[in-house]
Amino acid sequence: MLNIALPKGRLGEKVYKLFAKAGYEFEGILDSSRRLVFENEALHMRCFWVKPFDVPVYVERGTADIGAAGKDILLERSPDVYELLDLGVGKCRMAVAAREDFVDEPERTLRVATEFPNIAGNYYAELGRDIDIITLRGSLELAPVLGLSDVIVDIVETGTTLRENNLRVVNYFADLSARLIANKSAYKFKREIITEIMRRLRGHD
Ligand code: PRP
């Protein structure tokens with residue numbers, strides 16, 4: 001049995017559609033129910049929805065042999081897994097953003113609100129900039145608007161959220177998308193099926 005962890009939500013649905021197109025279907029998986037685990041006995045595969053941030057945990061520990069995770073989450077958590085394939089969906093960028101009228105004062109500690117403290121920390125460490133990280137769980141745009149932070153480090157896809165909150169991109173610094181990841185020992189012992197899945201996901205049937 002091959003176990004697959006998919007991120008619950010919009011990205012996961014896009015990824016599942018790639019799997020379905022590649023011939024790996026799980027009945028009822030896109031129905032709006034609260035069920036989390038789906039099995040395809042003929043394929044000897046089991047698929048489950050997990051919180052996007054948790055996909056690398058399931059894969060690293062081997063509960064899932066493979067999974068799909070956003071590159072943002074892989075950069076943030078640095079899991080000990082193999083990154084096998086860029087799935088080409090969920091394309092967006094990591095950016096620093098601030099209020100339209102923001103003027104940086106490099107000698108001052110910068111207050112950075114983010115859901116990705118490691119990514120933000122690494123980015124500013126490379127720049128040698130002192131920062132104060134404020135970790136939030138979403139709706140980051142509020143932080144500079146209300147004065148909680150000077151900037152945010154967040155995902156930008158269309159830029160609509162920033163625009164609607166009168167924020168602007170200061171700098172883009174990483175390209176993101178969904179990646180296929182594998183547990184290291186599963187990749188060794190279930191290599192044939194995992195390689196076949198990769199081949200089919202790439203579209204070479
Ligand atoms: C992300 C991100 C921004 C938004 C950017 O949030 O945090 O808020 O998307 O997209 P845009 O540039 O197309 O407006 P997401 O929708 O993933 O939800 P979240 O706020 O719960 O992280």
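Which residues of helix 4 (residues 117-127) are buried? They are Ile119, Ala120, Tyr123 and Tyr124, where buried means under 20% relative accessible area, exposed means over 50%, and partly exposed is in between (1.4 Å probe, protein chains only). Keep in mind that this is a predicted model, in which local features need pLDDT of at least 70 and side-chain atom pairs count only at pLDDT 80 or more, while totals for chains, interfaces and linings use all residues. Residues are numbered from 1 along each chain as its sequence is written, and side-chain values use heavy atoms, with hydrogens and water left out.

**The overall picture**

- The protein has eight helices and eleven strands; helices (H or I, at least four residues) and strands (E, at least two) are DSSP runs, numbered from the N terminus.
- Taken along the principal axes, the C-alpha atoms fill a box of roughly 60 × 35 × 30 Å.
- Out of 205 residues, 43% count as buried.

- Helix 8 (residues 191-201) has its own buried set, made up of Ile194, Ile197, Met198 and Leu201. Looking down the axis of helix 8, you'd find its buried residues within an arc of 100°, so they line one face of the helix.
- The spacing has a simple background: an α-helix has 3.6 residues a turn, so residues three or four places apart point the same way.
- After helix 8 comes Gly203, with a positive phi near 95°.
- Ala22 lies in the loop between helix 1 (10-21) and strand 2 (37-40), and Ala22 is buried, at 5% relative accessible area.

**Around the ligand**

- The ligand sits in the largest pocket. On a 1 Å grid over the protein atoms alone, a pocket is an open set of points with protein on both sides within 12 Å along at least five of seven lines, and a molecule sits in one if more than half of its atoms lie within 2 Å of its grid points.
- Strand 9 (151-156) and helix 6 (160-164) are the elements that give two or more residues to the shell around the ligand.
- Strand 9 supplies the largest share of that shell, three residues.
- The residues around the ligand are Arg10, Glu115, Glu141, Asp154, Ile155, Val156, Glu157, Thr158, Gly159, Thr160 and Thr161, each with a heavy atom within 4 Å of it.
- Polar side-chain atoms come up to ligand oxygen atoms in several places: 3.3 Å for Arg10, 3.0 Å for Asp154, and 2.4 Å for an N or O atom in the side chain of Thr161.
- On its own the ligand has 490 Å² of accessible area, and the protein covers 64% of that; such areas come from the Shrake-Rupley method with a 1.4 Å probe.

**Ser177 and its contacts**

- Ser177 is in the loop between strand 10 (167-176) and strand 11, and Ser177 is buried, with a relative accessible area of 4%.
- The side chain of Ser177 makes a polar contact of 3.0 Å with the side chain of Arg179. A polar contact is a pair of N or O atoms within 3.5 Å; within protein, one must be able to donate a hydrogen and the other to accept it, and residues adjacent in sequence count only if both atoms are side-chain atoms.
- Another polar contact, of 2.8 Å, joins the side chains of Ser177 and Asp86.
- Arg179 belongs to strand 11 (residues 178-182) and is buried too, at 11% relative accessible area.

**Positive phi outside glycine**

- Ser78 isn't a glycine, yet its phi is positive, about 40°. Ser78 is in the loop between helix 3 (71-77) and strand 5 (82-86) and is exposed, at 57% relative accessible area.
- Asn166, also a residue other than glycine, has a positive phi near 55°. Asn166 is in the loop between helix 6 and strand 10, and counts as exposed at 52% relative accessibility.

Terms used
Arc of directions from axis to C-beta. 1 Å grid on protein atoms, 1.4 Å probe; cavity = no way out; pocket = protein on both sides within 12 Å on 5 of 7 lines; lining within 4 Å.
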